[in-house]
Amino acid sequence: MLVARFMAIDDLRLVHEDIPEPGPGEVLIKVKAAGICGTDAHIIKGESASTPPVIIGHEYAGEVVELGEKVTTLSLGDRISVDPNIFCQTCYYCHTGKEHLCLHLTALGVDLDGGFAEYALVPEVQAHLLPPNMDFTAGAFIEPVACCIRGLEQANIRPGDEVAILGGGPIGLILLQLAVAAGGRVTLSEPVQQKWALAKELGALRTVLPEEIQLDAFDVVIEAAGVRATVEQSIKVARRGASIVWFGVSPQGLQAAIEPHEVFRKELRISGSFINPHTHARAVKLVGTGVVRVEPLISHRFPLKDIEEALKVHASGGASKVMIMPN
Ligand SMILES: [Zn+2]
Ligand SMILES: [Zn+2]
């Protein structure tokens, strides 16, 4: 099978390998779609932790083609999406209901072989069945949607709240739809005006350039770009008593200038949002019922052999979601 294996910083290799055999509790899937995420780009550049050599790609879906021993809940031909995050079940956080903060978190596509491959091993417990009406590209979106649900939970939107989303990439547009579903009145701040029409179609009341967004105006601010400018701006556009979520994954080492007095005076609540605690099954429902539309977020599809080009398109910033279609 063809795989994209991350070997070391700036060294992602397309290689042919044997198709692996599922062990006890594992299934082999034929990977049908795998999304490129900002985290993949960070991993390749050494800006995000991983355990090479490893097949990257953690947003993927496929069809079960082989069952390991002791697999009881999946059958051949099942269509699944993968929750890539695996917890140790023994550390302090796992024992106190905060599994996603596990000290020994490992993830498929980051530390263990993932989805940029024609076939992939998936532990049975990490698989979620797709409803019959959901195609595999939507299935590959479940993981980012699940992470965005966590972000929404951290945001505490009340119906009628003015919500600012800073960044209109695929993640910003998923957060936008979830915020609208939660009753928020959403303003999307995004410098690339070609992205505005889709944001409006997905429920944004207003679309604005970053330099034109109103200050001191939003009950909830969700930063969805992971860059210094939006992190700093999130404090400025928040109104008194606002809740702010820094959702975008900034590269390790990035620093931002925050004035603590402003946080004090406006009594701001700033929160991070990490991965997908108990949100994957709900993400399947929200995408399956069309509450969150992901199809319009896909701008490119590439075969696995063209992953280099796909990564370049992703990095160009003009693209929305870039999908790898390994089969
Ligand atoms: Zn991701
Ligand atoms: Zn743990």
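This is a predicted model: local features need pLDDT of at least 70, side-chain atom pairs count only at pLDDT 80 or more; totals for chains, interfaces and linings use all residues.
Which residues of helix H9 (residues 307-315) are buried?

Residues are numbered from 1 along each chain as its sequence is written, and chains are lettered from A and ligands numbered from 1 in the order in which they are written.

To the question, then. The buried residues of H9 are Ile307, Ala310 and His314. Buried here requires 20 or more other C-beta atoms within 10 Å of the residue's own, exposed means 12 or fewer, and partly exposed lies in between, with C-beta atoms placed from the backbone. Helices (H or I, at least four residues) and strands (E, at least two) are DSSP runs, numbered from the N terminus. Just after H9, Gly317 takes a positive phi of about 85°.

Let me turn to the domains. The protein is divided into domain 1 (2-140 + 294-325) and domain 2 (146-272), with bounds from an automatic or database domain assignment. Their C-alpha centres lie 27 Å apart. The contact takes nine residues from domain 1 and eight residues from domain 2, where contact means C-beta atoms, placed from the backbone, within 7 Å. On the domain 1 side, the largest share, three residues, comes from helix H1 (residues 38-45).

Finally, the sheet. Six strands form an open sheet in the order E13-E12-E11-E14-E15-E16, with parallel pairing; two strands pair if DSSP finds at least two bridges between them. Strand E13 (206-208) and strand E16 (269-272) stand at the edges with a single partner strand each, so one side of each is left without a neighbour in the sheet. Strand E11 (residues 162-166) and strand E14 (residues 218-223) pair in the parallel sense over four bridges, and Ile165 has Ile222 in E14 as its bridge partner.

Note on methods. Two residues are in contact if their C-beta atoms, placed from the backbone, lie within 7 Å.
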